[in-house]
2 protein chains.
Amino acid sequence: MRKINAEIIAVGTELLLGQIANTNARWLSEQLALIGVNTYYHAVVGDNLDRLVNVFKTAEKRSNVIIVMGGLGPTTDDLTREGFQMLTNLPIVEEPEAMGKIKQFYDRQKMEMTENNRRQARIFQGAKVITNPLGMAPGMIISRNNHVWVFLPGVPREMKRMVKDTVVPYLRALNGDQTVIESRVLRLIGIGESTLEVKLSDLIENQTNPTIALLAQNDGNIIRLTAKAESTELANKLLDDYEQKIESLVGDYIYGYGQDTIDKKVLQLFKQNKLTISAAESLTGGLFIERLISHPGASNVTPGGIVSYGTDAKINLLNIKSRLIEQYGTVSNECALQMAKNVTTLLKTDIGISFTGIAGPDPVEGKPVGTVYISIFHKSGKHHIEKVILSGDRYSIRHRASLKGFELLLKILKNQFST
Amino acid sequence: MRKINAEIIAVGTELLLGQIANTNARWLSEQLALIGVNTYYHAVVGDNLDRLVNVFKTAEKRSNVIIVMGGLGPTTDDLTREGFQMLTNLPIVEEPEAMGKIKQFYDRQKMEMTENNRRQARIFQGAKVITNPLGMAPGMIISRNNHVWVFLPGVPREMKRMVKDTVVPYLRALNGDQTVIESRVLRLIGIGESTLEVKLSDLIENQTNPTIALLAQNDGNIIRLTAKAESTELANKLLDDYEQKIESLVGDYIYGYGQDTIDKKVLQLFKQNKLTISAAESLTGGLFIERLISHPGASNVTPGGIVSYGTDAKINLLNIKSRLIEQYGTVSNECALQMAKNVTTLLKTDIGISFTGIAGPDPVEGKPVGTVYISIFHKSGKHHIEKVILSGDRYSIRHRASLKGFELLLKILKNQFST
């Protein structure tokens, strides 16, 4: 086959009604891009036979690999098979393995199988079957007139699994691609996307293998490296070398890899260092501690915290002196430090962190919206206070404040308190 | 024009690389569906002139209203105008108002305008201009050979504003539609989607105006009613009547309208009833109180809470007796009630709510993952304890537990404590 130019067709009236976005096409395009397959068109069509055939005909004219998602289910509005049959006159047969799976499912549920469920086991004669480990309808690959047609269910998790297991290896072989592709994700925090781009500009411009892609996320930035080589080992060697170059430029901001999140990483570091932490939160209202506790095993690291949103709660629960509040206000260096110190003592942890500030919409104590103080206290008495001015609405300010707390802890765990 | 059949074309290589999903098409399809315009096709094409023209030709053959989003910007890979010109040979002219806006922008920024910025002011001769109040590139509507072409920028907020202000009214007029469309969203909690469907089945099947659509969401269910009438007043009358029917069937589960969320609603009810609340959270780890505090004005309703995730925190901060824990365990009726009672006292609120349970992955105290106790205590001594068994992973169990807390408070605020 000449160079692949792929088209992705999604079948389903719910897409045309705007009930869901075509996230399947986004995901699949990304997978194809990673293996060097060009996607030139996406199409979406409803559960209508004439229009489905129309879309298939259009695709056949302009693309040589056509991936169709959806319309393989048991109901009468699942028309993908019928549409392709109208185009090709290919006979349809029942696939015994898929049929067995469907029967088994109904036996297990002690339900009677209705006739329309047989539909899901029907495939085109001569098609290569794509096993569906997570569902009933198998997929198909059909080569015909210099075109490859791939049919997949529209259920995202079934589709994704089948693409990874079968479609990606198949297309790579079709592309004559003997190489191995390995990719790696580095996660950074504390550096803006544009600064990162400038610092890495030489690497980005002059490097083709591995390739580098930057992506801004809510929780910092991502660098994705993708290397091509004769073997996994060689691809990883390329990635290692390149990663070292990146580390020499922006290593201070890298906190993790792959699916790491900053809260997960901080939790891990606390575990490794056998340290415990508690939190005293005002404007963040529990956001910080909630993110820590979201991970299994958090109980070894934190007993919990105090959400002292109101001034009374700061006085009653955290034992902040009213005099301190009168003198400095609740949004101050002094209050933040005292909150961190007192929560450390009250919860008998090694470290305490506090958040106090103004999430808006209105200014407080004459200070502008976005003013936030974060303090980190170690039971030895060492401490750190950081004042930040955050932008955005109430939601952003609160989330950025909690994120900043994790960022500071990361820095400190790497340096001061970890011994 | 005969009945509209619309096609939505999104232009941008980033869509084909899988960097973003085509959420513009989803949103626009939804808007079209609401005004009774059928969308039969979506297409996505990259920043490539040949393929762009190919997609335009295909669309012209099968659709009579073609809405193109993206590719109107200042850079050389913005090719939508060039593509349409290749198809039609229509002359392009500079639109004075748009040009003035661009110049003004650069003057204000004290920056020099580069030549490519002029591109954004270029429109097809005779086109109806769609004003872009939020950006520089105007949109266009062009009627040609019984087809209507609509061109819009790809920036979501600009596109959405222009669709609402100009495209929707234009298409409704084109559809010969003199009627007004009004829609209303009802929000429900505490009832499953399938039960809801059964209870409303008569209404759903026999009603065409208003139409009814059910949608399951993370935080409960949504009913969307859409009515068509000669006037806003009549449409609202239809909605009122229908809403009454729905209320008579499932009124107990309706908590709000439109953009209401259950936490916002609960906060409102507390405010209205001049009641205050505090929370003692174990497995939810701050999720409950965080959702309350996420709303402006929360300070009138809650001073905060205690995240007593570890047993020590329950004893030290919440003053739970170790004897109680030894006898009943932390995941028990007794512990839940005591937590709710003590947080009410400690934070001097009218009501206290507590959450204790097992989020997993491992069972605790011989009780299975998903076991959750929620207690609500009123300072008068009245109280409620609810045991629920929640399914799902750690994330789901924690979020469902906090949601259940809001659901219980809603019920109680409607009945017992509100007087």
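Start with the strands: S14(A), residues 304-308, runs antiparallel to S14(B), and 5 bridges join the two. Strands here are DSSP runs of E, at least two residues long, while helices are runs of H or I, at least four residues long, both numbered from the N terminus; two strands pair if DSSP finds at least two bridges between them. This is a predicted model, where local features need pLDDT of at least 70 and side-chain atom pairs count only at pLDDT 80 or more, though totals for chains, interfaces and linings use all residues. Residues are numbered from 1 along each chain as its sequence is written, with chains lettered from A and ligands numbered from 1 in the order in which they are written.

**Where the chains meet**

- A:Ile306 has B:Ile306 as its bridge partner in S14(B).
- Chain B puts 55 residues in contact with 55 residues of chain A (C-beta atoms, placed from the backbone, within 7 Å).
- Several elements of chain B each supply at least two residues to that side, among them H2 (23-34), H3 (49-62) and H15 (394-414).
- S2(B) gives the largest share, 7 residues.
- On chain B's side, there are 27 nonpolar, 19 polar and 9 charged residues (Ala, Val, Leu, Ile, Met, Phe, Trp, Tyr, Cys and Pro are nonpolar; Asp, Glu, Lys and Arg are charged; the others, Gly among them, are polar).

**A helix pair in chain A**

- H10(A), residues 262-272, packs against H15(A), residues 394-414, at about 35°, with axes 10 Å apart (axes are lines fitted to C-alpha atoms over the stretch in contact, and angles run from 0 to 180 degrees between N-to-C directions).
- Residues making this contact include A:Val266 and A:Leu269 of H10(A), plus A:Phe406 and A:Leu410 of H15(A).
- This contact has 8 nonpolar, no polar and 3 charged residues.

Notes: Contact = placed C-beta atoms within 7 Å.
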